[in-house]
Amino acid sequence: MSRTLRGAIALVGAAALSLGAVATSGAAQPGEGSAKQEIKIGLLLPESKTTRYEKFDRPYIEQKIKELAPDAQIDYYNAAESATTQQQQVNTALAKGDQVLILDAVDAKSIQSSVQKANEAGVKIVAYDRLAQGPVDAYVSYDNRKVGELQGRALLDALGDKADTGQIVMHNGSPTDPNAAEFKAGAHSVLDGKVKIGKEYDTPNWDPNNANQQMSGAISALGKDNIVGVYSANDGLAAGISTALQASGMNVPLTGQDAQLDAIQRILLGTQTITIEKPYKPEADAAATMAVDLAEGKELPASLTPTTVTSGSGEKVPSLLLEPVVVDKDNIKDTVVKDGLYTVDEICTPAYAAACEEAGLQ
């Protein structure tokens with residue numbers, strides 16, 4: 001073999017080794033090349049009693065993750081309203097090797113130890129809809145105090161001159177949900193001094209059955225003729241409250257939140273006054289984008305976390321707070337129908353056909 005040929009072979013071999021080293025180095029970089037196929041994200045939602053989580057939040061989040069990272073592994077968990085179950089689910093997600101957890105906490109305080117454990121393992125946390133305590137990396141939700149303010153203002157507007165002629169009953173959300181405290185504070189900032197609050201309740205687990213019992217008790221204690229309106233923090237509670245009101249032959253202004261289908265139908269019938277729409281897709285898309293970016297080792301852009309929120313444990317968390325919308329009988333078509341939550345056919349079943357026609361939906 002000639003010296004020239006031996007030299008050429010040596011150069012080819014060196015080039016091959018060099019390319020192999022580059023390929024190996026590239027594969028090890030987070031968020032590049034084959035590393036994208038290793039993305040593992042845990043999605044932990046709090047319950048299924050409220051229809052939004054299974055019908056909207058979960059599919060929207062999973063769809064956006066797959067759009068951004070087609071090969072991502074998504075591990076889904078629903079805690080069925082149990083804080084203990086959710087803590088166990090975090091342990092399972094960590095054992096599976098999930099790099100990021102999208103976490104909607106059942107109990108924002110009790111989950112702190114799990115958040116801390118995840119942080120110590122190098123796992124990122126995106127707090128979704130509710131701000132968990134502990135070292136959370138990012139948070140997306142709606143402006144919860146603003147929600148309460150909008151609810152309170154809508155109730156006052158519906159009461160009109162009756163605001164000072166009787167009492168209202170307040171049904172707040174679960175005491176373990178930090179959002180409930182913000183809804184409550186926002187509502188009180190509008191209602192205090194403008195109405196007399198005859199009874200006020202915090203409602204464990206956002207349970208409609210509890211709300212029904214609370215309302216029945218308030219009617220017995222205050223007298224139905226003395227109640228002029230009801231603040232309900234969400235539509236699930238409003239369902240239980242509405243049943244109690246109708247059983248007593250009452251129809252007074254009633255608020256809600258989440259734009260559930262049954263709430264839209266109650267608004268058409270006049271047994272609920274308003275709900276608050278918090279369009280699920282923008283919130284879900286933001287959470288999914290945050291999770292994929294963090295899984296790929298990227299810094300979250302300022303456009304995705306334009307503000308900072310302080311959690312109950314004192315952490316300052318980069319956050320995105322979206323704007324809620326009031327839905328009443330006059331703007332159903334321009335809100336929940338336009339936003340794709342429901343079709344007119346889904347809303348306007350035969351039982352609601354006359355009300356839909358009156359509202360201009362058919």
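The following dialogue works through several features of a predicted model.

Biologist: Let us begin with strand 1. Is strand 1 mostly covered or mostly open?

Modeller: Strand 1 covers residues 40-45, and five of its six residues are buried. Strand 1 runs parallel to strand 2, residues 73-78, and six bridges join the two. Within that pairing, Lys 40 stands opposite Gln 73. Strand 1 also pairs in the parallel sense with strand 3, residues 100-103, over four bridges. There, Leu 43 stands opposite Ile 102.

Biologist: Which unit do strand 1, helix 2 and strand 2 make?

Modeller: They make a β-α-β unit, with helix 2 spanning residues 52-68, and the unit is right-handed.

Biologist: Are Phe 56 and Tyr 280 buried or exposed?

Modeller: The cut-off for buried is a relative accessible area under 20%. Phe 56 has 4% relative accessibility and therefore counts as buried. Tyr 280, with a relative accessible area of 2%, is buried as well.

Biologist: Which residues do ring pairs link into a cluster?

Modeller: The cluster consists of Phe 56, Tyr 60, Tyr 280 and Tyr 342. Lys 281 lies over the face of Tyr 60, at 5.9 Å from the ring centre. Elsewhere, the charged end of Arg 58 sits over the ring of Tyr 76, 3.8 Å from its centre.

Biologist: Why is strand 5 described as largely enclosed?

Modeller: Strand 5 comprises residues 138-142, and five of its five residues are buried, so the rest of the structure largely encloses it. The two directions of its side chains can be read separately. Ala 138, Val 140 and Tyr 142 point one way, whereas Tyr 139 and Ser 141 point the other way, and all are buried.

Biologist: With which strands does strand 5 pair?

Modeller: Strand 5 pairs in the parallel sense with strand 4 (residues 124-128) over three bridges, and Val 140 is the bridge partner of Tyr 128. Strand 5 also pairs in the parallel sense with strand 11 (residues 316-322), over four bridges. In that case Ser 319 of strand 11 is the bridge partner of Tyr 139.

Biologist: What is the strand order in the open sheet of three strands?

Modeller: The order is 7-6-8, with parallel pairing. Strand 7 (196-202) and strand 8 (227-232) are the edge strands, each pairing on one side only. On average, neighbouring strands of this sheet are turned by 15° against each other, direction ignored. Six bridges join strand 6 (residues 167-172) to strand 7, and Gln 167 stands opposite Lys 196.

Biologist: Which strands of this sheet does helix 5 lie across, and which does helix 7?

Modeller: Helix 5 (residues 144-159) lies across strand 6 and strand 8, and runs at about 160° to strand 8. Helix 7 (residues 208-222) lies across strand 6, strand 7 and strand 8, and runs at about 150° to strand 7.

Biologist: Finally, how does one read the sides of a helix, and which residues are buried in helix 9?

Modeller: An α-helix has 3.6 residues a turn, so residues three or four places apart point the same way. In helix 9 (residues 261-269), the buried residues are Ala 263, Ile 264, Gln 265, Arg 266, Ile 267 and Leu 268. These buried residues pack against several elements, including helix 8 (235-247), strand 9 (275-277) and helix 13 (353-358). Just after helix 9, Gly 270 takes a positive phi of about 90°.

Conventions: Residues are numbered from 1 along each chain as its sequence is written. This is a predicted model: local features need pLDDT of at least 70, side-chain atom pairs count only at pLDDT 80 or more; totals for chains, interfaces and linings use all residues. Side-chain values use heavy atoms; hydrogens and water are left out. Buried means under 20% relative accessible area, exposed over 50%, partly exposed in between (1.4 Å probe, protein chains only). Two strands pair if DSSP finds at least two bridges between them. A crossover is right-handed if, with the strands pointing away from the viewer, the path from the first strand over the helix to the second runs clockwise. Contact means heavy atoms within 4.5 Å. Rings of Phe, Tyr and Trp (its six-membered ring) pair if their centres lie within 6.5 Å; planes under 30 degrees apart count as stacked, over 60 as edge-to-face and the rest as tilted. A charge sits over a ring if NZ of Lys or CZ of Arg is within 6 Å of the ring centre and within 35 degrees of the ring normal. Axes are lines fitted to C-alpha atoms, for helices over the stretch in contact, and angles run from 0 to 180 degrees between N-to-C directions.
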